[in-house]
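Subject: Handing over the two-chain structure

Hello,

Here is the structure you will be taking over. Please open it first and keep it beside this message while you read.

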Amino acid sequence: MGSIDFRGVTPTHSQVFSTHRYYAEDYFRAEIENVFRHSWLNVGRLSDVPAPGDFMVRDLHAIGVSALIVHGKDGKVRAFHNVCGHRGNKVVMAHTRKGSARAFNCAFHGWVYDHTGRLVHVPGQHYFTDLDPARHGLRPIHCDTWGGFIYLNLADKPARGLDEYLEPLTSQGLGEHLAEPHWHRAYSFRAEIKANWKFVCDAQLEGYHVESLHARSIAGALPCTAVVPTIFEGNGAVLSRLTIHHDMTKTTPTPLQMLAAELGQGGTYVRSQVDGMKTAHPEVYNLEQRPDWAFDNYGILPNVVLFVQGSGFMIQRAWPVTPQSSVFEMDVYSYGAPANFGEMFNLCLNNYNVRDVLTEDLSTLEHTQANMAHGYRPEIVFSIQEGVLIEFHRRLEELTVNGPLQRESRT
Amino acid sequence: MSDTVPAELKPLAAFLEQWALPTESQRIARRLASDMQQLTAFHDAVLPHLRGLIETLNRYPLDALPAALKPYGYLALMMAEIDMAVSRFHSADIPGGFPLQRLHLVHEEDGSAWH
């Protein structure tokens, strides 16, 4: 796989863009069917179901699935439609998001399934004539892991395997890096946003907004001139990399950021001044080995932005709910759990800083959505600095309009 | 011994009642309910002691922090909560920002290890 190019190309042109894609009902339905139901979907981490018997439920109603994800006794992680083979009730009810179970017992009539989805017990089986248990087991969903993440694919037969789907990041070695066991979930937050899911993605796939939208918070440390957009050629799911550098001449940490940097692990907006801080494999993420490198973010179709730093990573997911609403998710991971209060202080300072800055990113979405839905602005325009967005929407459009079969036949 | 508060933390005791809040949600609520004068006064008074506070708490493993010291940890996390409000936004909330109250905090770093 050494021939796979993970350097990419630089955007070269701006483009006018039609806005109906952000609110039209039929377009939204086509996105669900042709994109979301035929893509690998990042739904969590293996550390969410760390031990055999652990399970979690992911309800993605707009996409038409309640997924039961199970860490089997054989160590394999599987996913099933959370639908009983008897009368179609949810086997694990919605209020139980995570847990550990020896088997799954449907509350309606007590049908029992094992960790492999097999129907293993039917109370009063003699009430049924010629019941074939093999026909009524839990229906599997394609499930695989990459970089410690759990991915699902709702297609009958996924067009490509997950390692290939995530090229060139697989060849870059990023999957192995992110799969290491030391990663620790430091923070998670969610928000219901009254805006199309693509606006949530758009917000993180360009650096042009930084000078203005983040003028108060981070523009001095991470100016848009320090954001280098790269597009991976072809029609792959891994769309882009934004490389973000600190502007060393203008970086003025807050007093607390300065203290944190002197005491220990740095964060998204400040570099640690302590030698030998926890980090690993810089060659797989800081590709140019630049000392002023801050972080990269990777745009991954359909709905993920993955932020990779030396001492941590963050993943943003944008889930469609209706044409004009979505769910935003952000999970933050650090290199190891904090061992003392100082380490926790540094993690929390970074978490709260990131959270505050993200509320600036989220601030425009609902206003923009309302404006688009009124139809007064049938076109918007993306700059060269926003070139990743042009490519993001081009690839989505191809999948949405042409459908997954077209995609498979081309590859 | 473990429940006595070291002398270097004594100057901070006066702030505990109002500012030592155990959860992020409570600290956000306190931040948003305060005006800039209150936030700045608290921030500027605690800042000179913050390094000493952290170094004192670092003498213990996180999961063995004496109960009497935990409120001082909450105080430090309140400082982290208002870092950008005081030093960047000059406003308790994020000007024009998506409301902090609309974020669902599903996993707080400070929510499990040492309560």
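Leaving out residues up to four places away in sequence, which residues does B:A76 touch? They are A:F345, B:L50, B:L53 and B:I54. Please keep in mind throughout that this is a predicted model.

**The core**

B:A76 is also one of the residues that touch the most other members of the largest nonpolar core, together with A:I69, A:V200 and A:F345. That core holds 139 residues. Its main contributor is α8(A), which gives eleven residues. Domain 1 and domain 2 of chain A each supply at least three residues to this core.

**Where the chains meet**

On the chain A side, 33 residues take part in the contact, and on the chain B side 35 residues do. Three elements of chain A, namely β12 (183-193), α7 (255-263) and α8 (341-362), each put at least two residues into the side that touches chain B. Of these residues, 15 come from α8(A), the largest share. By class, the chain A side consists of 18 nonpolar, nine polar and six charged residues.

The two chains also share strand pairing. β12(A) runs antiparallel to strand β1 of chain B, residues 104-108, and the pair is joined over four bridges. Within this pairing, A:Y187 has B:E108 of β1(B) as its bridge partner.

**A bent helix in chain B**

Helix α3 of chain B covers residues 36-57 and bends by about 50° at B:H49. B:H49 is itself among the buried residues of α3(B), as are B:L39, B:F42, B:H43, B:V46, B:L50, B:L53, B:I54 and B:L57. What covers the buried residues of α3(B)? The cover includes elements of both chains: α7 and α8 of chain A, and α1 (13-19), α2 (24-33), α4 (70-81) and α5 of chain B.

**Two domains in chain A**

Chain A is assigned domain 1, made of 15-22 + 182-410, and domain 2, made of 38-153. Taken over C-alpha atoms, the centres of the two domains are 32 Å apart. Twelve residues of domain 1 and seven residues of domain 2 form the contact between them. On the domain 1 side, β12 and β17 (312-322) of chain A are the elements that give two or more residues. β17(A) provides the largest share, five residues. This side has ten nonpolar and two charged residues, and no polar ones.

**A buried loop residue**

A:N196 sits in the loop between β12 and α5 (197-202) of chain A. Is A:N196 buried or exposed? A:N196 counts as buried, because 30 C-beta neighbours lie inside 10 Å. Apart from neighbours within four places in sequence, A:N196 is in contact with A:Y22, A:Y23, A:P323, A:Q324, A:S326 and A:Q369. A:R21 is 175 residues away from A:N196 along the chain, yet 8.9 Å separate their C-alpha atoms.

**Backbone points to check**

Most residues other than glycine have a negative phi, and most peptide bonds are trans. The exceptions below are worth a look in the viewer.

- The peptide bond joining A:E167 and A:P168 is cis, with omega at about 5°. A:P168 is placed in the loop between α2 (162-165) and α3 (169-172) of chain A.
- The loop between β15 (293-300) and β16 (304-308) of chain A holds A:P302.
- A:Q289 is not a glycine but has a positive phi of about 55°. A:Q289 lies in the loop between α7 and β15 of chain A, and it is exposed, with 8 other C-beta atoms within 10 Å.
- B:H90, also a residue other than glycine, has a positive phi near 50°. Its place is the loop between α5 (83-89) and β1 of chain B. B:H90 counts as partly exposed, with 13 C-beta neighbours inside 10 Å.

Regards

Definitions and conventions: Residues numbered from 1 in each chain as written. Chains lettered and ligands numbered in written order. Predicted model: local features only at pLDDT ≥ 70, side-chain atom pairs only at ≥ 80, totals over all residues. Contact = placed C-beta atoms within 7 Å. Nonpolar A, V, L, I, M, F, W, Y, C, P; charged D, E, K, R; others polar. Pairing = 2+ DSSP bridges. Domains from an automatic or database assignment. Buried ≥ 20, exposed ≤ 12 C-beta atoms within 10 Å, placed from the backbone. Core = buried A, V, L, I, M, F, W, Y, C linked by C-beta atoms within 7 Å. Bend = angle between axes of the 7 residues up to and from the residue.
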